[in-house]
Amino acid sequence: MAKAKKRYVCQACGSVSSRWQGQCPDCAEWNSIVEDVPATVFSQKHDLSSGGRRLEFTALDQETPLPVRKTTGLAEFDRALGGGLVPGSAVLMGGDPGIGKSTLLLQTAASIARSGADVVYVSGEEAAGQVRLRAARMGVADAPIRLASETSVRDIITTLGAGDPPALLVIDSIQTMHSDTIEGAPGTVSQVRGCALELIRYAKASGCALVLVGHVTKDGNIAGPRVLEHMVDVVMSFEGERSHQYRILRALKNRFGAVDEIGVFSMASEGLEEVANPSSLFLSVRDQPLAGSAVFPALEGTRPVLVEIQALIVRLQSGATPRRAVVGWDNGRLAMLLAVLESRCGLNFSSAEVYLNIAGGYRLSDPAADLAVAAALVSALADRPLPERATFFGEVSLAGEIRRVAHADLRLREAEKLGFAKGFGPQDARIGKTSLDYRGMTGLMNLVDQVVANA
C-alpha cells in the first residue's frame, strides 16, 4: 500500500499546503496550520459512522406479550428454570464429568418430544449408537427425538435452517463444536466463543430454546471464556457427590426468573428421579438424640431444606497440635465461630480437635447456619444431646449476638411439616402463625445456658 502523503490545513480559512508554516499565506493567521492525514482505503472500510442500517427505537413502556414457557415435564427442572424453558432463550449447563448432565437433558428432551414438540439432540462427544443405548437403558428410546452426532456448527445451522426450527435444541457439548471460519482447535477460547455466538444467534432469530452443555475445570468453573456466561440467558450448575445418590440443579444466573432456585434429583438405575421432599435425604432417622447433632432449616431460593449438622470434639494430650476438619461448610467461618465461643462464652476448644460435617454431602452457604453449627459444637463439647425434634437457625456476630435472618417463617413451617416440635433462633425473628414452640435468643450465652442445660 502506498504511503499516504501528509498535508497541512489552516484551521481558520481551510487552505491546504504541502508543508507546515507558522503563518497561513492566505489569511495571515499565525499558528493555525495543523497536520491532517487524508483518509485511506483502509480507514474508509473501517469507518463505522456510515454504511449501516438505521435502528428502530421503542418506548420503555410499550406493551410486549410475555413469552409462553414450555414445561420440561420434570417439575424440579422447571422449578430451577423459574417455570420452564422460554422460547428463544439460551441455557448453559455445567457440572462435573459423570454427574448426569446428559442423562438429565436426554430425559427432558424425551419428555418434550412426547408432548408433540420437535426436539433436536446433537451430541459432539458420543456416537449416535451410544446415545441410543443410554436411551434404551432409561426407557425413553421410543421418544421422537431427532438425534445427530456432529461437531460442525455450519452443518448444524444449515440443516436446521432448511426446515422449521425445533422447539428445543440440545448441544452436548459446546467445547466439542468448531467453526471453519475461526482458527484454532475445538475447545479453544476463540472456538467456544464463536460457536456459542452463532448458535445463540440462531436461537434468538428462530425462537427455539437452546441448551448448551459446558465442561468444568478442576475448580468447578465452566471451562472456556468467562464471556460465555454473559452471552447466555441462564447458567445452571449440576452438583452432587458421586458417593451419594442425590443431585442438585442450581440456577446461578437467570434472566427470566429468580436465582438460587434448586431442583433435587436422585440418581437411579433408570436415570434421574425427582425428589419432592429433599429434607428426607439429609436427615437421619433414629430413636434417641445424639450429642453433637443439630438440625438446620436451610433455604435454597424459595425452598426450605432441613439438613443435619454433625460435630465431633476430641480431647488431645498437652502439647499436641489440634486439627480442624470441615466437610460441606466454610473452614474460615468455623474458625471465626470457635473464636466467638471461646471469647464470649468461655468455652475451650484450643486443646481439642474439631470435626464438622454436613450430612448427606450437602454444601451450606447460608449464614443462618451459624447457630446450628454452634449448637452442634457446644453439644459435642458438653457430650449432651440437644433437645429432641428441635431446629436451630440464626447468624452469629463477632460480639456473640444472634442476628435475624430472612424467611424465618418458611424455615419453621418446613420444620413443623416434618414433625419438629421446637425451634431456636433470633429473638426478633418474624415467625408468623405456627404451632411449633419457638424460643428466641439474643446471644450465644442463651444457647449455652438454656439449650444445653435444659436438654
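## A buried aspartate without a salt bridge

D172 is buried (under 20% relative accessible area, whereas exposed means over 50% and partly exposed lies in between, with a 1.4 Å probe and protein chains only) yet has no salt bridge. A salt bridge here is a side-chain nitrogen of Lys or Arg within 4 Å of a carboxyl oxygen of Asp or Glu. The nearest side chain of opposite charge to D172 belongs to R134, 5.0 Å away; in this scheme Lys and Arg count as positive and Asp and Glu as negative, while His and the chain ends are not counted. This is a predicted model, in which local features need pLDDT of at least 70 and side-chain atom pairs count only at pLDDT 80 or more, while totals for chains, interfaces and linings use all residues. Residues are numbered from 1 along each chain as its sequence is written, and side-chain values use heavy atoms, with hydrogens and water left out.

The side chain of D172 does make polar contacts, one with the side chain of S102 at 2.6 Å and one with the side chain of Y121 at 3.1 Å. A polar contact is a pair of N or O atoms within 3.5 Å; within protein, one must be able to donate a hydrogen and the other to accept it, and residues adjacent in sequence count only if both atoms are side-chain atoms. Leaving aside residues up to four places away in sequence, D172 touches S102, Y121, V122, S123, G124, E125 and V213, where contact means heavy atoms within 4.5 Å.

## The sheet around D172

D172 is found in strand β7. Helices (H or I, at least four residues) and strands (E, at least two) are DSSP runs, numbered from the N terminus. Strand β7 (residues 168-172) runs parallel to strand β5 (residues 119-123), and five bridges join the two. Within β7, I171 is the bridge partner of V122.

Both strands belong to an open sheet of nine strands with mixed pairing, in the order β6-β5-β7-β8-β4-β9-β10-β11-β12; two strands pair if DSSP finds at least two bridges between them. At the edges stand β6 (146-149) and β12 (271-274), each of which pairs on one side only. On average, neighbouring strands of this sheet are turned by 25° against each other, direction ignored. Helix α4 (residues 128-138) packs on the sheet and touches β5, β6 and β12, its direction making about 140° with that of β6. Axes are lines fitted to C-alpha atoms, for helices over the stretch in contact, and angles run from 0 to 180 degrees between N-to-C directions.

## Salt bridges elsewhere

The structure holds 15 salt bridges. One of them joins the side chains of R114 and D142 at 2.6 Å, N to O. This pair links distant parts of the chain, with R114 in helix α3 (residues 101-114) and D142 in the loop between α4 and β6, 28 residues apart. R114 is partly exposed at 44% relative accessibility, and D142 is exposed at 61%.

The side chains of D370 and R333 meet in another salt bridge, at 2.7 Å, N to O. Because D370 lies in helix α10 (residues 370-382) and R333 in helix α9 (residues 331-345), the pair ties together parts that are 37 residues apart in sequence. D370 counts as buried, at 0% relative accessibility, and R333 is partly exposed, at 22%. Salt bridges that share partners also join K204, D233 and R255 into one network.
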